[in-house]
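Trainee: I am new to this structure. Please take one part and look at it closely with me.

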Amino acid sequence: MFKKVLIANRGEIAIRIHRACREMGIQTVAIHSEADENALHVKMANESVCIGPAQADKSYLNIPRIMAAAELTDAEAIHPGYGFLSENAKFASIVEELGFTFIGPEARHIEIMGDKVQALDYVRELGIPTIPGSDGEVKNPEHAVEIGKKIGFPVIVKAAAGGGGRGMKVAHSESALRTAFTVASTEAKAAFGDGRVFIEKFLQNPRHIEIQVLCDKHGNVATLGERDCSLQRRHQKVIEESPSPAITQKQRDELCEVVRNACAKMNYLGAGTFEFLYEDGHFYFIEMNTRVQVEHPITEMVTGVDIVREQIRVAAGEKLNISKMAPKLRGHSIECRITAENSETFLPSPGHVTDYHPPSGPGVRVDSCLYTDYHVSPYYDPMIAKVITHGATRDEAIAKMQRALEETVIEGIDTTVPLHRKLIATNAFKTGEYTIHTLEKFLEEGRL
Ligand code: MV4
């Protein structure tokens with residue numbers, strides 16, 4: 001096992017990774033920007049290195065500085081967390097080429113999944129169901145229209161280099177599709193330096209359901225059930241839960257089986273997430289994330305598997321525990337992502353946290369970088385805390401979340417705690433009858 005790991009991230013996920021390391025007897029190295037001098041992830045780590053100014057491209061995205069910090073501190077492995085360099089194939093290769101271990105999959109898998117056209121081709125070949133569409137790049141408006149006629153409208157034009165909702169255009173007719181093709185391709189070229197686009201049938205009212213996997217170097221694959229992440233605003237997840245209230249055990253088993261076979265065939269390593277859209281009883285792959293995700297704790301709560309610990313173990317060449325390959329899900333877990341934004345306008349609210357009282361008690365977990373007097377920086381992602389509950393049943397997990405959010409005190413800045421209190425109390429959430437459009441519809445109608 002590694003003696004020392006460098007954590008190439010900040011905020012709650014850096015703390016989460018530090019905790020896993022400490023429990024495994026591993027020394028930690030924090031990196032930080034000038035803005036994060038007093039951050040909790042820095043104070044907690046065994047060592048820390050300031051690697052540059054606040055702007056992420058000068059610090060948390062600065063590969064030479066991060067590698068220098070790893071050399072300087074004699075770290076053996078680097079955990080990238082999520083965001084920043086976590087899905088940068090170049091970074092993963094550099095880490096390995098310089099003789100360190102990248103705690104994540106091989107660079108080739110990061111690269112394939114970063115190109116949505118390649119990713120779809122690749123997983124389709126592995127037996128994973130995808131949405132009917134162009135099956136590859138669409139070169140010109142005529143080709144686009146031909147596909148549109150074949151699969152029927154509405155269709156969606158997506159950028160190969162996009163993902164997470166960036167660079168998508170919906171078209172309801174042939175003429176709209178010609179325009180959508182040209183606009184999407186031009187915008188993709190400008191935004192990503194890659195104008196390639198592809199087309200899928202547009203699913204009108206799906207849910208977002210994703211499967212968590214963990215794989216080792218010995219051919220073992222664990223599927224850790226699903227998370228329902230349908231409650232989103234502008235492609236930012238707001239509440240996630242596991243298991244999904246919308247699928248049956250049979251559907252779960254079948255989907256996990258398909259994913260497990262695909263992972264084994266591709267020789268995947270580490271933690272990964274297969275994202276699907278679910279509509280009318282069918283699952284369709286949309287993207288794969290080759291990192292640990294923000295919402296990983298709800299899976300940890302229902303499976304009892306420490307995902308970050310397993311990421312580190314498999315990176316070091318250890319085997320997954322056979323009894324945890326397809327754990328029975330125990331109870332129900334919900335996560336509310338609290339951001340430093342106004343609960344009604346969503347305007348960012350950086351600044352000084354004058355008072356912080358996190359919820360706790362039975363079935364409540366908080367992953368957060370907050371403390372009283374913490375300064376929320378305008379330079380980084382506004383997520384400041386994740387409130388996670390676990391109950392024997394979904395109703396119990398909801399009751400615990402309602403109680404936990406009542407207890408939560410974050411003063412001095414605006415947060416989305418009030419939004420969460422209202423959202424969790426809606427009939428849509430209580431019944432589990434929601435789709436990817438529910439939250440935005442509620443906000444438009446002024447119901448939250
Ligand atoms: C779709 C779709 C409907 N039909 N693809 C958005 C994020 C990106 N990962 C894929 N996305 C979508 N792809 C087809 N063929 C609707 C979305 C989508 C969405 C997906 C998941 C969660 C929230 C969403 C919000 C709007 C659109």
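Is T339 buried or exposed? Please go on from there to the parts around it.

Mentor: Keep in mind that this is a predicted model. T339 is buried, because its relative accessible area is 12%, and the cut-off for buried is under 20%. The residue lies in strand β14. Its side chain has a polar partner: a contact of 2.7 Å joins T339 and E341.

Now follow β14 to a helix. Strand β14 (332-339) is among the elements that cover the buried residues of α12. Others included in that cover are β11 (236-242), β17 (364-368) and β19 (383-391). The cover also includes α13 (417-424) and α14 (427-431).

Helix α12 itself runs over residues 394-407. It has 14 residues and reaches 20 Å from its first C-alpha to its last. That is close to the 20 Å expected at 1.5 Å a residue. Its buried residues are R394, A397, I398, K400, M401, A404 and L405. They cover an arc of only 165° around the axis, so they sit on the same side of α12.

Methods
Residues are numbered from 1 along each chain as its sequence is written. This is a predicted model: local features need pLDDT of at least 70, side-chain atom pairs count only at pLDDT 80 or more; totals for chains, interfaces and linings use all residues. Side-chain values use heavy atoms; hydrogens and water are left out. Helices (H or I, at least four residues) and strands (E, at least two) are DSSP runs, numbered from the N terminus. The expected span of a helix is 1.5 Å times one less than its number of residues. Buried means under 20% relative accessible area, exposed over 50%, partly exposed in between (1.4 Å probe, protein chains only). The arc is that of the directions from the helix axis to the C-beta atoms. Contact means heavy atoms within 4.5 Å. A polar contact is a pair of N or O atoms within 3.5 Å; within protein, one must be able to donate a hydrogen and the other to accept it, and residues adjacent in sequence count only if both atoms are side-chain atoms.
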